[in-house]
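Hello,

I am handing over the structure we talked about, and I hope you enjoy looking through it. My notes follow below.

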Amino acid sequence: MAAMLDETRGETVPPRCGTIQPVKPIHLLLGLVLGLIATAVQGAEFLPVEDECNGRQALIRGPIEPGDYERFLDFMARHVAGDDQPVVQDPDVLWTVELDSPGGDLDEAMRIGRFLRDTLATTEVTYRYARRPDGVLDYARSGEVVCLDGDDRLSGCEPDLVEAECTGACLLVWLGGATRHANEGRLGRHGLGDGQSLGDYFAALEIPETQRARLLDPAAGDAWLDWSERHALGGRAPAHEALLAACPPPLTRDESFRSVASPDADLRDRLMDRAGAHRACRLAREAEVRAPWKAHLARRLDGATRGALAASRSPR
C-alpha cells in the first residue's frame, strides 16, 4: 500500500483508508453500562471512529455542557486504555480528536482543552459524521455533487461532503490541541465574550497576542474565522516543538517531495530514513509525556469497570 506524506510533521505515514468501521460490541456495551449508571444528563457525544488502516480516533459532537469533562475522561479511558484496541492502531490517530459542536459551556470546554494539551493530542475540524442505515458512522453527504475535470485519479464526480462546524466553546477545545488542523471545516468565535479567564487560557496555550485580540474582541469582524486565520491558529504548539527539538529534523516540503519523486535512489533512501528517525523520536518523546495520563486513565477505567459490574449485579 502506497504511503502518503504528512506535511505537518515531515514524515511518511500510512494513508487513511476512509473505510469507517462500526464500534466493537464490547466497547459499546461497556460504554452503555457506564453511561446508564453514571448520569442521565445529556451533553456532547463522545464517539470512537475507526478505519481499517490506522485504527480508532475520537469524535466530539453536539453542545458541550457541565459534566462533560468527566464524561470525556471516562470516554478517553475506554478509548486509550480499553482491552478492545484495534489490531492496527496508529498512535497519532489514537490521540486525535475530531470536533463538530455549536459550543456550550466555556469552563467545561477549557477543562477538556487543557487535558488535550497535557496529553499532546491533535484536534481536527473536517467533515460532519452521520450514522448510515447499517449503524456505521460515515461522512455526511449534502446531496449535491462535486465534479473535477481532468484525466488523473482526482477527476470525476463525487457526492459533496458536509463540513463540520466548531464554534464558541468548541473552538476552545480545538485550541487545546498540541497540533491543530482545520483545513476543511469551519471555526467560529461565536459566544466567546472577553473574560479574563479566556485571556489566561489563551496565554497558557501560547496563542499569539494578535490572534488573542481577534478572538476576544466581539466587534472584530465576522465571527467565522477565514482560511488565513485558521491557518495562523493551526499547526503545532511552541512547547510541543521544543519537546522535539533534539529529534532529527523533519523533512521540509521540498524534501518531502524529493523523498518520493527524486530519480536519485540514494537521496530518496536518506530522506526516508531521516523521516523515519524523526517519527520514531517524536513518538517516543510523546509517549513519555502521555505515560502518567495513560496510567491515570487506566486506573479510572479499572475503577469504573468494577463499579459498573457491581451495579449490574446489585438487586433492583
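What share of the contacts in the protein chain with a separation of 6 or more is accounted for by residues 24 or more positions apart? Such residues account for 70% of them, where contact means heavy atoms within 4.5 Å.

Before you go further, please note that this is a predicted model, in which local features need pLDDT of at least 70 and side-chain atom pairs count only at pLDDT 80 or more, while totals for chains, interfaces and linings use all residues. Residues are numbered from 1 along each chain as its sequence is written, and side-chain values use heavy atoms, with hydrogens and water left out.

Now the overall picture. The protein chain has eleven helices and 15 strands; these are DSSP runs numbered from the N terminus, with helices being H or I of at least four residues and strands being E of at least two. Of its 316 residues, 43% count as buried, meaning under 20% relative accessible area, with exposed being over 50% and partly exposed in between (1.4 Å probe, protein chains only). The accessible surface comes to about 16000 Å², and 56% of that belongs to carbon and sulfur atoms (Shrake-Rupley method, 1.4 Å probe).

Next, have a look at helix α5 (residues 169-176), whose axis comes within 7 Å of that of helix α4 (residues 106-118), with a crossing of roughly 15°. Axes here are lines fitted to C-alpha atoms, for helices over the stretch in contact, and angles run from 0 to 180 degrees between N-to-C directions. The two helices α4 and α5 are therefore roughly parallel, the word for angles under 35 degrees. Among the residues making this contact are Leu-106 and Met-110 of α4 and Leu-172 and Val-173 of α5. By class, the contact of α4 with α5 has nine nonpolar residues, two polar and one charged. Nonpolar covers Ala, Val, Leu, Ile, Met, Phe, Trp, Tyr, Cys and Pro; charged covers Asp, Glu, Lys and Arg; the others, Gly among them, are polar.

Helix α5 also meets helix α6 (residues 196-204): their axes come within 10 Å and cross at roughly 20°. This pair, α5 and α6, is therefore roughly parallel too. Leu-172, Leu-175 and Gly-176 of α5 make the contact with Leu-198, Tyr-201 and Phe-202 of α6.

Finally, Ala-130 sits in strand β8 (residues 129-131) and counts as partly exposed, at 32% relative accessibility. Its C-alpha atom is separated by 9.8 Å from that of Val-162, 32 residues apart along the chain.

Best wishes

Notes. Parallel < 35°, antiparallel > 145°, perpendicular 65-115°, else oblique.
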